[in-house]
Amino acid sequence: MLKKLATSALLMFSLTLAACSSYADKNSSANQTEWARISEAGVLKVATPGTLYPTSYHDDADKLVGYEIEMLNEIGKRLNIEMDYQEIGVAEAFTAVDSGKVDIAVNNFDTTKERLEKYHFSIPYKYSIGGMIVREDGSSGIEAADLSDWKDKKAGGGAGTQYMKIAEKLGAKPVIYDNVTNDVYLRDVSTGRTDFIPNDYYTQVIAIKYITQQFPEIKVKMGTAKYNPTEQGIVMRKTDTSLKEKLDEALKAMKEDGTLKAISEKYYAGQDLTEPEKGVENLPVIDTADVK
């Protein structure tokens with residue numbers, strides 16, 4: 001009888017310990033910071049398009065490369081974590097961050113007041129201005145420095161981008177694409193399916209050169225108008241500040257030792273886009289706060 005009672009007591013004690021251990025594990029996990037969770041896993045999940053030259057694209061060997069990719073790979077080395085790249089377009093990138101499918105998203109995302117209300121952004125890793133790709137023969141009919149001639153023109157771009165919001169605000173007709181490659185966008189401008197592509201100026205300059213060398217039949221050029229000085233950062237949830245602090249620390253060190261500048265010059269034809277451009281104060285700035 002005593003033996004049975006002892007065995008029963010031992011079993012109850014073991015179950016209690018297991019329950020306490022399970023509760024402690026769950027409680028500990030719930031109390032983990034974002035960075036502690038990611039560091040423990042050793043992996044940072046990244047949403048990236050894989051279709052945007054020269055920031056995130058596949059080279060001739062089908063390897064994922066680009067300015068943002070090389071930047072993140074360097075961050076991974078410095079923080080001792082691996083990057084798990086998931087190729088996701090603009091429209092789905094923020095949703096992927098919201099749901100926890102990924103930890104961060106990169107795609108030339110402008111740091112805006114509206115986005116900062118919902119997400120953390122890293123310190124800027126790139127500065128730029130808005131530009132546009134138009135038809136080479138001038139038939140796009142977009143030349144005004146104040147952007148007044150965008151009205152009723154067909155603007156090509158991804159859903160939810162800051163540039164498509166600007167186009168909508170100015171009365172352009174949006175033509176929405178999924179996560180397609182640069183040549184698809186440019187060919188549609190060339191053939192007249194769209195009139196122009198509003199987007200990051202420096203990215204478009206490099207893209208035009210690269211794509212038209214591959215596809216000489218695509219006849220496009222950069223428009224002359226420039227607008228909306230921008231800064232781009234890494235997007236993440238507002239769970240806490242621990243991940244932002246680590247990414248900012250790595251980016252700051254990369255700026256100070258010249259690593260980020262070297263990556264910029266590699267992918268942007270010798271241009272250093274890691275510091276704000278001078279003389280952009282007088283460019284038109286279109287407020288899109290009221291555009292959903």
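Mentor: Happy to! Contact means heavy atoms within 4.5 Å. This is a predicted model, where local features need pLDDT of at least 70 and side-chain atom pairs count only at pLDDT 80 or more, while totals for chains, interfaces and linings use all residues. Residues are numbered from 1 along each chain as its sequence is written, and side-chain values use heavy atoms, leaving out hydrogens and water.

Leaving aside neighbours within four places in sequence, Ile-234 is in contact with residues including Met-71, Leu-72, Ile-75, Phe-121 and Leu-251. Ile-234 and Ile-75 touch the most other members of the largest nonpolar core, which has 46 residues. Such a core is a set of buried (under 20% relative accessible area, 1.4 Å probe, protein chains only) Ala, Val, Leu, Ile, Met, Phe, Trp, Tyr and Cys residues joined through side-chain atoms within 4.5 Å.

Now for helix H3, residues 67-79; helices here are DSSP runs (H or I, at least four residues) numbered from the N terminus. H3 and helix H9 (residues 242-256) pack at about 110°, with axes 10 Å apart; axes are lines fitted to C-alpha atoms over the stretch in contact, and angles run from 0 to 180 degrees between N-to-C directions. H3 and H9 are therefore roughly perpendicular (65 to 115 degrees). Ile-75 is among the H3 residues that meet H9, where Leu-247 and Leu-251 are among the partners.

With helix H10 (residues 259-267), the angle is about 155° and the axes lie 9 Å apart. H3 and H10 are therefore roughly antiparallel (over 145 degrees). Met-71 in H3 is one of the residues meeting H10, and Met-71 also takes part in the contact with H9.

Definitions and conventions: Helix = DSSP H or I, 4+ residues; strand = E, 2+ residues; numbered from the N terminus. Parallel < 35°, antiparallel > 145°, perpendicular 65-115°, else oblique. Buried < 20%, exposed > 50% of the residue type's maximum accessible area, 1.4 Å probe, protein only.
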